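Here's a quick briefing to read alongside the model. Have the sequence and the coordinates open as you go.

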Amino acid sequence: MVSNVKRVVRAGVRGGAVVSALGLLVVSAGPARLEAQASKAPQVYAISAADKSQGAKAHPELLAEFGGGLTGPQASYVEQVGKRIAVQSGLSNATGDFTVTLLNSPVNNAFAIPGGYIYVTRQLTALMNNEAEMAGVLGHEVGHVAARHSAQRQKAAQRNQILGVLGSVLAGAVLGDNAFGQFGQKLFSQGSQLLTLKFSRSQELQADQLGITYLKRAGYDPRAMSSVLESLARQNALEAQLRGSTNQTPEWASTHPDPASRVRSALTYAGQGSAGTTNRDTFLTRIDGLVYGDDPKQGVVDGRKFTHPTLRFAFEAPDGFFMVNGTQAVTISGSSGKAQFSGGKLSGSLDSYITSVFAGLTESNQARITPASIEKTTVNGIPAAYGVARVQQQSGAVDVVVFAYDFGNGQAYHFLTLAQAGGAEVFTPMFRSIRRISATDAGSVKPRLLRVVTVRQGDTVRSLAAKMAYTDAAVDRFLVLNGMDANTALTPGQKVKIVTY
């Protein structure tokens, strides 16, 4: 989360552009007719002047949503590979018509928008294990644009909303697919670096196949699409395991409970006997040194603790909750509720600030959510206030709490929480945990970095995993990061990835 974050508001289509967001975990397995439909070659439309104008307008907003674009050798390398694969699509034969951006985001994501704009996060890049996999991911996203999938979905739904926040999509999974969950999706709709656009299974399969076609045209091993899909599925399962979730495939990431079937479909389409370049060692060398996970400039999540060394504060989530950091908010989710931490300018009193946050939760044609009262307090020497509003839903009442803090110099921060009626007390320890941190504490926060090391004689999975900057599931993290399983044998001279401080 960065400074000057916006108040939580409902997000719509960015700059009028429909984003073809990463659907790589949306399983394409389905009836044979879906595969037949997906196999039909789509009509490819060249980049138009309107596309370029639309993309240019949306581009700076997307950069802001995803922590900005990185520069330097790593970004240049991603750009080179992205343009090489993009020209295989038929959208344009000129590499200059494409803008490829490596985003400073800790979320596994990639997407593309009309006008030749293609994006991939550093976190997803770090999960890949060769250049062909990166080209496959970018080719998949370009394929969505080339086939005009977003326009088809928009036409089918009569509207198309992009939820620019992980909180929105997690609300349905965490709170349940009922009025409570739906209400949560309405409340938490800005700030955590995830754009979702649900494509149909046949469209996802077609984008996979287009990406594979582009890989073949560019001389890459087309089987890379299958291997990167498998890594994504395993990473998703690991994250669910670390959260203690039984949902191995969350609602926002899948339309089918079996990710393995999509991996098999991609491998079948590529062909078992296919071949091509992967440029594995080159890829690993070029991405060495990427920031992994949260960038301290945006704040760092470490277990249940969130620390922002630049803004000089910290807080802890309740026991049993997990956090996801974003450019504009931190999302806190658990089985008994969810919350977001955000902030804004304090031009008046905390009372008026809290009232404005509540006012931003409803649209103009809806009844406003207002707190019964606003109470003043102090938390660790910081002036604070809070308000509670009870909202009646078909499935029962829910309590919405806004707990705000005056940090001085016209800056306020606040928690916005949602829980079943009477259940908001679960967040009380979190409300009381926020505190300022010293310069020494701030200076001790270091980024995790992706490092590529060469396996030496005697190295094992366990010995290398022990060097990882994690105290939990180090072996599992190492295996997933390197696309390995427990039976993989290491070979001296082989390059592998670890995460260190």
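**Charges over rings**

Let's start with Lys-216, whose charged end sits over the ring of Tyr-269, 5.6 Å from its centre. To count as sitting over a ring, NZ of Lys or CZ of Arg has to be within 6 Å of the ring centre and within 35 degrees of the ring normal. Keep in mind that this is a predicted model, where local features need pLDDT of at least 70, side-chain atom pairs count only at pLDDT 80 or more, and totals for chains, interfaces and linings use all residues. Residues are numbered from 1 along each chain as its sequence is written, and side-chain values use heavy atoms, with hydrogens and water left out.

- Arg-477 lies over the face of Tyr-470, at 3.9 Å from the ring centre.

**Aromatic pairs**

- Searching the whole structure turns up 20 aromatic pairs; rings of Phe, Tyr and Trp (its six-membered ring) pair if their centres lie within 6.5 Å, and planes under 30 degrees apart count as stacked, over 60 as edge-to-face and the rest as tilted.
- One of them is Tyr-77 with Phe-283: the ring centres are 6.3 Å apart and the planes are at 50°, so this pair is tilted.
- Tyr-77 belongs to helix α3 (residues 73–86) and Phe-283 to helix α12 (residues 280–287), so the pair ties together parts that are 206 residues apart in sequence. Helices here are DSSP runs (H or I, at least four residues), strands likewise (E, at least two), numbered from the N terminus.
- Both Tyr-77 and Phe-283 are buried, meaning under 20% relative accessible area, with exposed being over 50% and partly exposed in between (1.4 Å probe, protein chains only).
- Phe-321 and Phe-427 have ring centres 5.4 Å apart and planes at 65°, so that pair is edge-to-face.
- Phe-321 sits in the loop between β8 (313–316) and β9 (322–325), and Phe-427 in the loop between β15 and α14 (428–433), so here the linked parts are 106 residues apart in sequence.
- Phe-321 is buried at a relative accessible area of 7%, and Phe-427 is buried at 0%.

**Helix α13 and its buried side**

- Helix α13 (residues 350–359) has Leu-350, Tyr-353, Ile-354, Val-357 and Phe-358 buried.
- These residues cover an arc of only 135° around the axis, which puts them on the same side of α13; the arc is that of the directions from the helix axis to the C-beta atoms.
- What do the buried residues of α13 pack against? They pack against β11 (337–345), β12 (374–379), β13 (382–393), β14 (396–406) and β15 (411–420), with contact meaning heavy atoms within 4.5 Å.

**Ala-237**

- Ala-237 lies in helix α10 (residues 224–243) and is partly exposed, at 25% relative accessibility.
- Its C-alpha atom is separated by 9.9 Å from that of Val-480, 243 residues apart along the chain.
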